[in-house]
Number of protein chains: 2
Amino acid sequence: MSDAQPLGRLLLVPNTLDHGSEPQPIDAVVAHGVLRQAAALAHWVVEDARSARAFLKRVADHVPLALPLQQIGISELPRPRKGSREGIAAAQWTALLQPALQGHDLGLLSEAGLPAVADPGSALVAAAHAAGLPVLPLAGASALLLALAASGLNGQSFAFVGYLPQETEARTRRLRELEALSRQWQQTQLFIETPYRNGALATALLATLQPATRLSISSGLTLAGGWSRTLTVAQWRRAPPLLSDRLPAVFALLAG
Amino acid sequence: MSDAQPLGRLLLVPNTLDHGSEPQPIDAVVAHGVLRQAAALAHWVVEDARSARAFLKRVADHVPLALPLQQIGISELPRPRKGSREGIAAAQWTALLQPALQGHDLGLLSEAGLPAVADPGSALVAAAHAAGLPVLPLAGASALLLALAASGLNGQSFAFVGYLPQETEARTRRLRELEALSRQWQQTQLFIETPYRNGALATALLATLQPATRLSISSGLTLAGGWSRTLTVAQWRRAPPLLSDRLPAVFALLAG
């Protein structure tokens, strides 16, 4: 790299929240200024190339793309095992960042919401920082924080802990641990589940948590039919939630 | 309430992230669909009435308001001591929710980003749930999650812990505690500071944290001149950050 060639930026581009559901209007969730910046990009690293092309077509309905879709460079993120970065060589990240190292802005896109938050991409962002590339997150929504806002639980202290264990005893232990952490720090604890297991998780929550613990469930936020409801566990037991097995849900608890 | 009268909804309306800075274009951060829903509301509960009117004027540049600004009902949230809900009577929340109880949609707006996340409003949302009102969060950005995405730190497990203590010894203890929690759970720990103390906090972080701990600093995200940078504490010590004392910053650490 010579000093004469400025580096490109890694732009974190937010997606809609309708992955796996009926498409929602892209401008219900993504700001026009962000659509403009996305339309200008010629290089992308994405979670899934096919759905990234679908995203760009939706962008193009509002802002003309700077290049024809076939001429836009789209590379996929490597797929490590969940929560692990092992097995991905540094050279692979450098290859993905090549357009930015050569001076072109590069977009990072995941399947829903913000890249690198409860979604792949953080290892690429870390590699960008290591390479000295400017990293620029564009404004966008995350279902996690919408669920937190809608919960009415503590928004001054909260944690997202990902997925709970699937095995019953391990899940029970983990829930007791989260309830204790929540009580100790008065910290809202958020977690998610694969949609088809949402109902089973809700059943386990009602069986395991203390009656006075407040539990918030949000389903399909920003989508038609999306909802958010906060009750004590005792109240939920009297009227258990009916959860879609296709819509993403976010669970949040705050122990009293 | 008779069954004949449907309840209004509490809509959580996202704000821009330029509070206290040069105004940014509202459509750089807020989606057009959200501007449309905000423009349709006749009743609001807000953190600050004056800046809520300024927000509605910015909305009106894109979507005509359903009512003239003077006819829109705007009530302010009561101001409890930080982190406390004491002293606010239940009747006060009910009074604020009155328009929704009478069947009108009601908007909740804070000074920046999402209401009720690191911002007032969660007690009103809790009261809405208690009253059986539908709560609908509209898609919007939170500086906390943009900073997390831009950090390249763990986005599968993270916590936001609000403000650190100002007193030196208490702050040092708290930082060691956060570093230990981060190491134990591999959990990114996020926190904020009042802008004019950002520089002092950065100095304290570099003095206190372990050299190998990764520290991400984001300043003025989505604003002109905004940036985000992640280095180890040892690297930051060789090139300490220059932080604006007017722009909001978000700090995030991940201990190795």
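First, a term: two strands count as paired if DSSP finds at least two bridges between them. Helices are DSSP runs of H or I with at least four residues, strands are runs of E with at least two, and both are numbered from the N terminus. What you see is a predicted model, in which local features need pLDDT of at least 70 and side-chain atom pairs count only at pLDDT 80 or more, while totals for chains, interfaces and linings use all residues. Residues are numbered from 1 along each chain as its sequence is written, and chains are lettered from A and ligands numbered from 1 in the order in which they are written.

Start with the sheet in chain B. Five strands make an open sheet with parallel pairing, in the order β3-β2-β4-β1-β5. Its edge strands are β3 (73-76) and β5 of chain B, each pairing on one side only. From one strand to the next the twist averages 25°; angles here run from 0 to 180 degrees between N-to-C directions, and axes are lines fitted to C-alpha atoms, for helices over the stretch in contact.

Strand β1 (residues 10-13) of chain B is joined to β5(B) by three bridges, and the two run parallel. Which residue in β5(B) is the bridge partner of Leu12(B)? That is Pro137(B). Helix α5 (residues 143-151) of chain A packs on this sheet and touches β1 and β5 of chain B, its direction making about 150° with that of β5(B).

That brings in the interface. Contact means that the C-beta atoms of two residues, placed from the backbone, lie within 7 Å. By that criterion, 49 residues of chain B are in contact with 50 residues of chain A. Among the elements of chain B that each supply at least two residues to this side are α1 (32-39), α4 (122-130) and β9 (227-232). By class, the side has 29 nonpolar, 17 polar and three charged residues. Here Ala, Val, Leu, Ile, Met, Phe, Trp, Tyr, Cys and Pro are nonpolar, Asp, Glu, Lys and Arg charged, and the others, Gly among them, polar.

Last, symmetry. Chain B superposes on chain A by a rotation of 180° with 0.0 Å of shift along its axis, RMSD 0.0 Å, using least squares on the C-alpha atoms of residues with pLDDT of at least 70 in both. The two copies are therefore related as by a two-fold rotation axis.
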